[in-house]
Amino acid sequence: MLLTLSTTHTPATDLGYLLHKNPERPQSFELSFGLAHVFYPEATASRTTAALLLEVDPVALVRGRPSSGGPGGPLEQYVNDRPYVASSFMSVALSRVFGTALSGRSKDRPELAGQPIPLSARLSVLPCRGGEAFLRRLFEPLGYTVTATRHALDETVPAWGDSRYFTVTLEGRVRLGDLLSHLYVLIPVLDDDKHYWVGDEEVEKLVRHGEGWLAAHPEREQIARRYLRHRHSLAREALERLAGDEAPEPEERQEARNAEEAVLESRLSLNEQRLQTVMSVLQEHGAARVVDLGCGEGKLVRALLKDRRFTEIVGMDVSHRTLEIAQDRLGIERMSDLQRQRVKLLHGSLLYRDQRLTGFDAATVIEVLEHLDMPRLEAFERVLFEHTRPGLIVLTTPNSEYNVRFTSLPAGTFRHRDHRFEWTRAEFEAWAARMCERFGYSARFLPVGENDPEVGAPTQMAVFTR
Amino acid sequence: MNVHIPELSLVVLIGPSGSGKTTFAHRHFKPTEVLSSDTYRGFVSDDENNQEATKDAFETLRFVAAKRLARGLLTVVDATNVQPESRKAFVELAREYHVLPVALVLDVPERTCIERNQQRPDRAASFRFVKNQVSQLHRSMRGLEREGFRHLHVLKPDVIDRVVLERQPLWCNLKHERGPFDIIGDIHGCREELEALLTKLGYQVRPRADGAPGFDVRPPEGRKAVFLGDLVDRGPDIPGVLRLVMDMVEAGTALCVPGNHEMKLLRKLRGGKVNVSHGMAQTLEQLEKEPPEFHQRVAKFIDDLVSHYVLDDGRLVVAHAGLKESMQGRGSGRVRTFALYGETTGETDEYGFPVRFNWAAEYRGRAAVVYGHQAVLEAEWVNNTLCVDTGCVYGGQLTALRYPEKELVSVPARRVYCEPVKPLGAPAPSGLSAQQQADDVLDLEDVRGKRVISTRLAAHVTLREENTTAALEAMSRFAIDPRWLIYLPPTMSPSETSTLPGFLEHPQQAFDYYRKEGVAQVVCEEKHMGSRAVVVIARDADATRRRFGVTTGETGVCYTRTGRRFFTDEALEAAFLARVRAALDASGFWEELKTDWACLDCELMPWSLKAQELLRDPYAAVGAASRAALTDVVAVLGQATARGLQLGELSARFTDKASQVQRYVEAYRRYCWPVTSLDDVRLAPFHLLATEGAAHVDKDHVWHMETLARVCRAAPSFLVATPYRVVALEDADAVAGGVRWWEELTARGGEGMVVKPFGFAVRGKKGVVQPAIKSRGPEYLRIIYGPEYTTPANLDRLRQRGLGTKRSLAMREFALGVEGLERFTKKESLRRVHECVFGVLALESEPVDPRL
């Protein structure tokens, strides 16, 4: 909400000429989100300070918006930090109020505008995602001395720790236009948010205001990505345009990509192995009509569709949104009639018996069990084994013993935030034995994934038959 | 000429083209009752004469006919129907829906048909075509009855125009009999016990005055006995029982439906060959001593019995072995078989008996079904059905259900007259009731899709499909066990927006609302600064099992307004519940309310216990940012003013902002206190929603406050009695006092108050009034509408808020919540309770301004 710009260049009052704002006459400007005020708390020949004060209308933030369904996120709330912090509102104000200065020009002091002078900028409250280290990595390469003070969330509740807000002072000998450009680009980058929809014209703005400094900035990747609100294609386009065509891809970036791929691959392979094991069990038993309970986004359904031996494939999930994604990914709408007749997606729940799920050769319950609250397992058991009651049930769940092999997983935590429990092999097999006893099934167990001699495979599978 | 047809039947008109079927149909039936093949040819092909479309036309016609019959509506098929195969399809359709097929033949001479066809050039059937139809009709005429048309009327040209159709009620339809009834289960010749039971029910049973064998029975004023069959076999005085029942039925003081034992006896009496078993020997031996007239009387009596009765405006059905909803009030061989024998799965059990299909577990009908047939240890309601055969002849009891009181009255058997081949149903090893066992797994069909729920307070509550879809996910992924989840609280609307300067909400508007609705007195309760919590708690494990069917060892639960477990830590929850239970124990609550469980609507404090994340961000975060920024701004403005700049108005505005954010920070800080153990937690119960046998929605709020205050006094450091005031709305001083109290509460930093009508569920001018209206304090509203909401320019805009959706949701959720509690306390099935709770959750997914 408050930015002050000071200089000790003599005469310091020349700052008024550079900013095209008279130090003796406070001015206000109407902007789309409220008012911007410019005034000079001090204006002497030795030191002059200009203040840009934003008066963001907190009610209009919520009310004035054409549609509340847009990409507004936190802006939907009345209890909101936007009126008080430096954000993309500040960037907009800089370009509207100090537009000429931002472009590096001055009517009355053109040579001064092109000359580095001692300047300091103070942002009262700047949200910094990435903390002080990131703040420094952004400004220090540009030649600033950075002073940052972090604010506690609430000094009366020390346990809550620090907020993401800093009071930041940047000092350096720099051209005013450059300082303003740096602020224009880097404030929303630190805030990691924008109050408006980011489209192609944002690339233009980034290229324009980043000219001369961004291409060589060590954090250019991150800056572009955040400035363009993580829209990767836009970020790549901006970087390419800044760097020119021939610039080679930086080495560290290449490495990062490989690492990402490796993580992805190892995940993929476990998932893939799971699907393959499920498929082969189904094929081995000659199941043709299969219901996948908790089908998620439809990975197994897709695999089943590829094998014509599966004549009827039903995917069921409790999340309507997930089913929409599955519908879309599987391309059911675009399938031929012949394919479409084989597959159906149902919204349902594993805790309610469901006539639509009966009469199948096999049911698969892949990585679903652990998402149910333990006290509700009883209902699930009866729905599956007593009411749905297919001839074959293929059920998988994580083997919690294997978790020690995931080095990135802190001890005692589950693999997924929504897991309500994870079982050891003994626990799982004891449970399965109870199901067999109670509902007249028999079970065998298969490891899925690399079978560690000590802790077993990452995934455990039970195959129930009647 | 009068022609009788059953009120619910499938009438098949039969006659060649030109025989006058359509004219006849229009004269005697409602247009919607008549499904004409011509019309359906038109529907599917745009051409009523298009013979090529006949197959599609008939498929569509049959589909519509099936829907009508399923709804119990008389339906007429207007088609030539001269071929046996076309009629067969309709006989089958009628049977499928247990309605009687009726054939009405228009037997018009060939010449007339041809002439009529010639007068209709648009749709003239050919000469040969008509001739052919007439000959087909004549060939099939004699076989019609064999085809299944028990009701068959052949109308000649001379009577066709003079026919008067009379619709006759079915024999089983006694909807006009409203009771009260005493419904008595299988007697099997236990005359002494029957007399004892009738006497206990208040009937005067005396021998006939004329000295002839028989009885003169005087029922209590207006009551009527209903016998559920199986009067005979096995027991000591079968003729005596028959005499008593026949005398009562003949005197109009009783109704009787047949049992399977009567039907077998009838076959025997008629000279049929039957296997004398299952106690029939006793019947035959005892009847031998009776004169032949008695035998004839018995045979006639049994023969006249109707498979089942629908009574009391359709609210009660009686049948020997029970009856599925789709068969009630209908007649077919299958209905009769079901009513006599029930349904079997085709398997046999270890004693060699056919395994009975548990139709009651699946029953969803609105009518209560009372039946016998299968001896049980104890009569227990399951899904609105009750078996009252408690095995008197096996040494059990003879039981009657008093209806509509739904009281069970029994007399013990004098002795064991017959050893049961298989033991009477032993109690389930889990100790669960029949209803709890039937309820164990909920069915998706009972919650999914668009639903309309009937409630006592608001006739119907409609749930949209997108809302039930959302609720299914929330219920499945996050909610607690439905057996505990008997209630979800309704959302609460704020008062209408205040126009007083500086206020968005003020109690005056809440008072005005209730006064306008004709409410004389309101109760104002302090609004606690915590989170809504519902506590369902049983006195012990035994009460838990009996009342909730939960056998996991838990004896209570504390859950949020969306049905999630409040404490994620099991041990913490157990300790919390132990404290609540200790207070209930110590205050004599269980004895006072004659209960061993309770459902409490509460506020759990501090708010920070549940809302820690929310408090850090956005609340504290916005506080930190705004204070830091405004401190700087005020300083810089001061500096500028000091050097002579004219910034008066701007300075004033920002100084005000600085003070508003300071007050905002103070407002959220009141909601945080550190919680290191249960000692730091407070629970404020404000509604005692339900205890055994009673949903306390008939008690006023002062009763709730005082009853709960007594409990709170037993644990003063843990339970908080809610401070409250009663305000008479016509008394200006009282109203002013209410406002003053609110001002005091909010000046101390309180959240505000909740204004409720004196009664719990009160009807106003337009139905039930809002159960509660909140008036939130101006400082509290800073954390809802933002730190600077009191700036006049902001407040003016914020006053534009619509309460309509919120109010309507609050009403519907209240109606559903109360309905669920009432169903639970009436021991209705879990699915009926769950339906209501699910409904509240579904409505909660409706988008509404979250700040209201």
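**Exercise 1. Find which residue of β23(B) is the bridge partner of Arg353(A), and describe how the two strands run.**

Start with the pair itself: Arg353(A) has Asp443(B) as its bridge partner in β23(B). Strands here are DSSP runs of E with at least two residues, helices are runs of H or I with at least four, and both are numbered from the N terminus.

Next, widen the view to the strands. β11 of chain A, residues 352–353, is joined to β23(B) by two bridges, and the two run parallel. That meets the pairing criterion, which asks for at least two DSSP bridges between two strands.

A word on the ground rules: this is a predicted model, in which local features need pLDDT of at least 70, side-chain atom pairs count only at pLDDT 80 or more, and totals for chains, interfaces and linings use all residues. Residues are numbered from 1 along each chain as its sequence is written, while chains are lettered from A and ligands numbered from 1 in the order in which they are written.

**Exercise 2. Work out how many residues of chain B are in contact with chain A, and which element gives the largest share.**

Step one is the count: 46 residues of chain B are in contact with 50 residues of chain A, where contact means that C-beta atoms, placed from the backbone, lie within 7 Å.

Step two is to locate them. Elements giving two or more residues to this side of chain B include β23 (442–443), α16 (465–478) and α22 (648–669). The largest share, 17 residues, comes from α21(B).

Step three is composition: 25 nonpolar, eight polar and 13 charged residues. In this scheme Ala, Val, Leu, Ile, Met, Phe, Trp, Tyr, Cys and Pro are nonpolar, Asp, Glu, Lys and Arg are charged, and the others, Gly among them, are polar.

**Exercise 3. Which backbone features mark Pro180(B) and His98(B)?**

Take the proline to begin with. The peptide bond joining Gly179(B) and Pro180(B) is cis, with omega about 0 degrees, and Pro180(B) sits in the loop between β8 (173–174) and β9 (181–184) of chain B.

Turn to the histidine. His98(B) is not a glycine, yet its phi is positive, about 55 degrees. His98(B) lies in the loop between α4 (84–96) and β5 (100–106) of chain B. With 22 other C-beta atoms within 10 Å, His98(B) is buried; the label needs 20 or more such atoms, 12 or fewer means exposed, and in between is partly exposed, with C-beta atoms placed from the backbone.

Key: Two residues are in contact if their C-beta atoms, placed from the backbone, lie within 7 Å.
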